[in-house]
Amino acid sequence: MFTWLKPTWMLESIFDLTPEDLKSQGIKVVLTDLDNTLIAWNQPSGSSRLTTWLKQMESAAIPVIIVSNNSRARIESFAAPLNLPFVARAMKPLGVGVKRAMKVAGSKNQEVALIGDQLLTDVMAAHSAGIRSILVKPLVESDAWNTKINRFFEKRLKHYLQKKNLLSKNWGKKLNDR
């Protein structure tokens, strides 16, 4: 029960992921949420840390595709200057948008991981699409009004899952830090 909420891995930050770490797990394509995963939800652009991370992925030939429930306009304003492909209105927690992104990448399920900061959208969407998930801590503690609802329920679910030993209390720095 509740295994559909269990992430494959839990990391402090998306920026802890290295191409070597991903490749060691057979991951060739990274799908990622936008708000509070790549950038703070209330900031329109990324950081130098993000730029460095994206360059590392590009150098290693690991495509990064944004999969977000945000509007096309919101994502495009961020993604266009970085030349990042994206799927808007992804309908997470359903796997529809994830599958569209995988089709764009031409990848197989075992080659893909979805990274995000929410159990109830990102991790569930990964499970729905049959791929692995990486749960990261949100970049900032505040949230948009619509995300606060998810966080309310997520906090209780995390506590329950930790109590049942289905979710770690520890955040790793590498995928093998389970």
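These legends describe close-up views of a predicted model. Local features need pLDDT of at least 70 and side-chain atom pairs pLDDT 80 or more, while totals for chains, interfaces and linings use all residues. Residues are numbered from 1 along each chain as its sequence is written, and side-chain values use heavy atoms, without hydrogens and water.

View 1. Ser68 sits in the loop between strand S3 (64–67) and helix H3 (72–82). Helices (H or I, at least four residues) and strands (E, at least two) are DSSP runs, numbered from the N terminus. Ser68 is buried, at 1% relative accessible area. Buried means under 20%, exposed over 50%, and partly exposed in between (1.4 Å probe, protein chains only). A polar atom of the Ser68 side chain lies 3.0 Å from the backbone nitrogen of Asn70. Beyond four places in sequence, the contacts of Ser68 (heavy atoms within 4.5 Å) include Asp33, Ile75, Val87 and Lys92.

**View 2. Largest nonpolar core.** A nonpolar core is a set of buried Ala, Val, Leu, Ile, Met, Phe, Trp, Tyr and Cys residues joined through side-chain atoms within 4.5 Å. The largest one has 30 residues. Leu17, Leu22, Leu38, Trp53, Ile66, Phe78 and Ile134 touch the most other members. Elements giving two or more residues include S3, H3 and helix H2 (48–59). H2 gives the most, with four residues. Leaving out residues up to four places away in sequence, Ile66 touches Leu34, Leu38, Phe78 and Phe86, among others.

**View 3. Glu12 and Lys137.** A salt bridge is a side-chain nitrogen of Lys or Arg within 4 Å of a carboxyl oxygen of Asp or Glu. The structure holds seven. Glu12 and Lys137 form one of them, at 3.5 Å, N to O. Glu12 lies in the loop between S1 and helix H1 (19–24), and Lys137 in the loop between S6 and helix H6 (145–163), so the pair ties together parts 125 residues apart in sequence. Glu12 is partly exposed at 29%. Lys137 is partly exposed at 33%.

**View 4. Lys173 and Asp16.** The side chains of Lys173 and Asp16 meet in a salt bridge (3.6 Å, N to O). Lys173 is in the segment after H6 and Asp16 in the loop between S1 and H1, so this pair links parts 157 residues apart in sequence. Lys173 is partly exposed at 47%, whereas Asp16 is buried at 13%.

**View 5. The Lys92 network.** Lys92 and Asp122 form a salt bridge, with the closest N and O atoms 2.7 Å apart. Both residues are buried. Salt bridges with shared partners join Asp33, Lys92 and Asp122 into one network.

Key. Polar contact = N/O pair within 3.5 Å; in protein donor to acceptor, adjacent residues only side chain to side chain.
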